[in-house]
Amino acid sequence: IKPLSEQEKKEKLQQLQNRMKERRAAKEQVGKQEALEKERLRRKEGQNVGQAKHDFEAKEMQRLVQERKREKEEARLAREKVKTQIAQDRAERTTGVSNVDNKRSQMEGDKETQNEQSSTSQIKEYTETRIQIRYKSGAPKAQVFKVDEPLQAVLVYASMNAPPGQGLSSQATLMTTFPKKIFTQEQLHISLKQLDLVPSASLRS
C-alpha cells in the first residue's frame with residue numbers, strides 16, 4: 001500500500017472533520033425539532049385544561065341561576081296556594097248558616113293566621129337573608145337569598161347585575177366592610193348562614 005502524502009493526509013483529515021460537523025449539525029437540528037414539538041404539546045395541553053376549567057365554571061354558574069329561578073317559582077306557587085286557601089276559608093265563614101260551623105271556621109282561620117305569622121317570623125330570622133352588593137361605581141343592588149345557599153350564588157347574582165364595564169369573573173372575591181372580611185375562593189361553596197351573613201349583610205365586589 002502506497003503511503004499517503006502530506007497533502008492527502010490533510011485532505012483526509014479535512015473530510016473527517018467535515019463529516020463530524022455535519023453529524024453534529026444534524027443532531028442539533030433534530031434536538032431543536034424535538035424541543036419545539038414538546039413545547040407545542042405543552043401549550044396545547046395547557047389550553048385544554050384551561051378550557052375545561054372554564055366550561056365547568058360556566059356550567060356551575062348556569063346551574064345556580066336555574067336553581068334560583070326554580071326555587072323562586074316554587075315559593076311563589078306556595079304563597080298563592082296559601083292565599084287562595086285563606087280566601088276560601090274566609091268566604092265559608094261569612095256564608096255559613098250554623099253558629100257551630102261559624103265558630104269552627106273562625107278557630108281554623110285563627111290557627112291559619114298564627115301559622116302564617118309564625119312562618120313569616122321564621123323566614124325573617126332563619127330561612128332568608130337580604131344581601132346588598134356595592135360596586136366600585138353605580139347604585140348598589142340588593143337581593144334576598146336563602147340562608148342555605150352558597151356564597152357563589154351571591155357572586156353569580158353580582159356578576160349578572162353589575163354596571164356596564166364592571167363584570168365579575170369566576171375568580172372575583174367579595175368582602176364585608178365592617179368588620180372587614182375578605183372571602184376566599186374556597187369559601188364560595190359555604191352557606192350564607194355559616195358565613196354569618198344572616199339576616200342581612202352588605203358586600204363589596
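Predicted model: local features only at pLDDT ≥ 70, side-chain atom pairs only at ≥ 80, totals over all residues.
1. Residues are numbered from 1 along each chain as its sequence is written, and side-chain values use heavy atoms, with hydrogens and water left out.

2. Start with the sheet. Five strands make an open, mixed sheet in the order β2-β1-β5-β3-β4; strands here are DSSP runs (E, at least two residues), as helices are (H or I, at least four), numbered from the N terminus, and two strands pair if DSSP finds at least two bridges between them. At the edges you'll find β2 (141-146) and β4 (180-183), each pairing on one side only. On average, neighbouring strands are turned by 30° against each other, direction ignored.

3. Now look at who sits beside β5 (residues 200-204). β1 (residues 128-134) runs parallel to β5, with five bridges joining the two. β3 pairs with β5 in the antiparallel sense, over two bridges, and Thr176 stands opposite Leu203.

4. The side chains of β5 are worth a look too. In a regular strand they alternate between the two faces of the sheet. Buried means under 20% relative accessible area, exposed over 50%, and partly exposed in between (1.4 Å probe, protein chains only).

5. Helix α3 (residues 151-160) packs on this sheet, touching β1, β2, β3 (174-177), β4 and β5; contact means heavy atoms within 4.5 Å. Its direction makes about 150° with that of β2, taking axes as lines fitted to C-alpha atoms, for helices over the stretch in contact, with angles from 0 to 180 degrees between N-to-C directions.

6. Over in helix α1, find Arg68. Arg68 counts as buried because its relative accessibility is 13%. Leaving aside neighbours within four places in sequence, Arg68 is in contact with Gln143, Val144, Phe145, Lys146 and Glu149.

7. Leu16 is also in helix α1 (residues 6-95). With 42% relative accessibility, Leu16 counts as partly exposed.
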